[in-house]
Amino acid sequence: MFFFLDSIGTFVFAISGALAAMNKRLDPFGIFIIAFVTALGGGTLRDVLIGHTPVGWMENLDYVYIVIVGTLFAIFFRRKIDYLRKSLFLFDTIGLGVFTIIGIEKGIATDLHPIISVAIGTMSASFGGVIRDILCNEIPVIFRKEVYATACIVGGVFYFTMLWLGFPSQLIYVLTATIVIGIRLLAVKYSLRLPTIQ
Amino acid sequence: MFFFLDSIGTFVFAISGALAAMNKRLDPFGIFIIAFVTALGGGTLRDVLIGHTPVGWMENLDYVYIVIVGTLFAIFFRRKIDYLRKSLFLFDTIGLGVFTIIGIEKGIATDLHPIISVAIGTMSASFGGVIRDILCNEIPVIFRKEVYATACIVGGVFYFTMLWLGFPSQLIYVLTATIVIGIRLLAVKYSLRLPTIQ
Amino acid sequence: MFFFLDSIGTFVFAISGALAAMNKRLDPFGIFIIAFVTALGGGTLRDVLIGHTPVGWMENLDYVYIVIVGTLFAIFFRRKIDYLRKSLFLFDTIGLGVFTIIGIEKGIATDLHPIISVAIGTMSASFGGVIRDILCNEIPVIFRKEVYATACIVGGVFYFTMLWLGFPSQLIYVLTATIVIGIRLLAVKYSLRLPTIQ
């Protein structure tokens with residue numbers, strides 16, 4: 001179930017990267033690379049910073065295949081994808097929740113402090129998009145206007161709160177994912193954004 | 001004393017990152033991330049390249065707390081900070097000297113060649129600003145017009161010269177920092193810059 | 001012979017980076033850094049992702065010296081370099097072939113899957129230019145219009161095909177390099193590019 005959600009998240013992140021790349025009129029190689037970093041860049045950065053090398057996708061090719069399929073899907077159905085926008089958004093949000101939890105657990109497995117583990121979870125879920133934006137020569141959107149990383153951070157804080165309260169891990173997973181997904185959905189529905197400061 | 005200067009440097013680098021982020025009208029999450037990479041990005045890159053993982057700030061949270069405080073300081077006092085510009089510049093320059101020395105010592109501890117150790121010291125002190133500029137979608141300022149990295153390189157060369165001459169390490173620290181700080185202060189005072197070549 | 005070609009490739013990649021940096025009117029420090037990342041950035045990224053740290057150029061300074069000489073060459077002969085454009089292009093292409101093979105062999109030595117090894121070979125040969133373009137605030141040219149990485153990928157596929165067919169390694173090297181170089185030369189000669197998709 002967990003792997004299934006993880007795969008769906010990777011697939012949808014890859015599609016969103018491929019769409020961004022097509023908007024920038026990149027060639028198929030560029031589209032694939034942008035899809036790749038959007039889907040796997042956050043986890044790759046996490047693995048490099050904690051010293052878990054070779055990084056994840058080098059040892060488990062399933063992720064690479066999923067990105068390839070996602071890229072092809074985005075290329076061939078690019079004119080139809082508007083009809084799917086709502087489903088894609090939903091899966092993207094699910095990916096956000098699942099990747100946050102996976103990242104947090106990697107932090108715990110590496111004996112890192114809870115604050116660092118939450119940071120790592122947030123990085124896993126949201127920094128693929130940061131790398132995508134840098135490669136596309138944009139200031140990362142999650143630094144400017146989207147409630148995205150914030151949802152991961154709040155979810156991560158609840159994760160550790162529930163862990164300290166002794167909740168069973170299945171429940172922690174479900175509730176953490178629900179919080180991340182819920183915040184993200186509400187933020188988009190009501191166009192909430194963090195205020196800019198100047 | 002050394003840790004104290006190191007902390008001051010981190011604090012001021014974080015403030016300078018936060019100010020740059022506010023100029024780009026980022027939201028609070030973006031401001032924090034830019035402050036973070038400006039203060040800790042150079043050392044993080046160094047740690048990744050030499051294989052010292054998990055990277056420094058994951059194992060010593062003091063740095064993370066300092067960046068948080070620096071970010072909040074920059075946000076709340078952003079209208080007053082002009083009055084502090086001179087003090088901030090001075091502390092930024094002290095940070096440059098201290099980070100150069102810390103980086104060089106990490107290189108020595110990793111058994112790297114003196115040339116590589118100087119490169120690592122320079123990277124520790126100045127590449128946080130490079131990552132900041134990339135995230136803010138600018139060509140890094142230290143590649144274009146500031147005498148900044150050059151001060152670190154010259155300081156590093158003197159560090160090893162004094163080491164070979166058998167100077168005591170306390171004296172080496174003080175003199176290296178003085179050289180880096182002195183070059184940087186003179187360069188800014190007289191608007192010196194490296195020539196561009198075209 | 002192999003080291004010789006490798007050095008020539010590094011030298012020419014450094015020159016191409018330095019020329020790009022001078023076009024952006026960077027100062028000498030910036031020119032050196034761009035030359036450095038163009039020549040050694042792909043291999044550095046590869047080493048970080050597979051966990052081969054300290055990264056290559058920290059342990060073998062020859063590469064650093066070659067980049068320094070390449071940078072100085074580009075600066076002093078920048079007005080003459082147009083006459084050399086054809087030779088430089090040829091050596092750049094040779095570098096592409098040689099770096100692809102070196103990267104693939106590192107992947108094999110790290111026990112990675114052939115698909116990942118081809119990816120690593122492509123990264124070694126072509127991602128220095130990606131980092132150069134990011135630092136120069138451009139969308140990477142190999143994502144947009146150049147048949148460059150594609151040549152490495154095709155060469156890598158042939159490498160493993162020949163390995164499975166039991167070809168002797170000397171022959172595999174020569175043929176793989178020939179394929180990469182041939183595709184790249186033909187693509188430039190006939191202005192071939194991958195189609196953009198929008």
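This is a predicted model: local features need pLDDT of at least 70, side-chain atom pairs count only at pLDDT 80 or more; totals for chains, interfaces and linings use all residues.
Residues are numbered from 1 along each chain as its sequence is written, chains are lettered from A and ligands numbered from 1 in the order in which they are written, and side-chain values use heavy atoms, with hydrogens and water left out.

**View 1. D47(A) and its contacts.** D47(A) sits in helix α2 (residues 28–50) of chain A; helices are DSSP runs of H or I with at least four residues, numbered from the N terminus. Setting aside neighbours within four places in sequence, D47(A) makes contact with H52(A), V55(A), G56(A) and K106(A) (contact means heavy atoms within 4.5 Å).

**View 2. The aromatic pair F160(A) and W164(A).** Rings of Phe, Tyr and Trp (its six-membered ring) pair if their centres lie within 6.5 Å; planes under 30 degrees apart are stacked, over 60 edge-to-face and the rest tilted. This rule gives 27 aromatic pairs over all chains. In this one, the ring centres of F160(A) and W164(A) are 6.1 Å apart and the planes stand at 45 degrees, so the pair is tilted. The two residues are four apart in helix α7 (residues 149–164) of chain A, a separation of about one helical turn. F160(A) is buried at 6% relative accessibility, whereas W164(A) is exposed at 65%.

**View 3. The aromatic pair F13(C) and F99(C).** Here the arrangement is edge-to-face, with 4.9 Å centre to centre and 75 degrees between the planes. F13(C) belongs to helix α1 (residues 2–23) of chain C and F99(C) to helix α5 (residues 81–109) of chain C, so the pair ties together parts 86 residues apart in sequence. F13(C) is buried at 4% relative accessibility, and F99(C) is buried with a relative accessible area of 7%.

**View 4. An aromatic cluster in chain A.** F11(A), F73(A) and F77(A) together form one aromatic cluster.

**View 5. Chain C laid on chain B.** A turn of 120 degrees and a shift of 0.0 Å along the axis bring chain C onto chain B with an RMSD of 0.0 Å (least-squares superposition on the C-alpha atoms of residues with pLDDT of at least 70 in both). The two copies are thus related as by a three-fold rotation axis. They use different surfaces: 10% of the contact residues of chain C recur in chain B.

Definitions and conventions. Buried means under 20% relative accessible area, exposed over 50%, partly exposed in between (1.4 Å probe, protein chains only).
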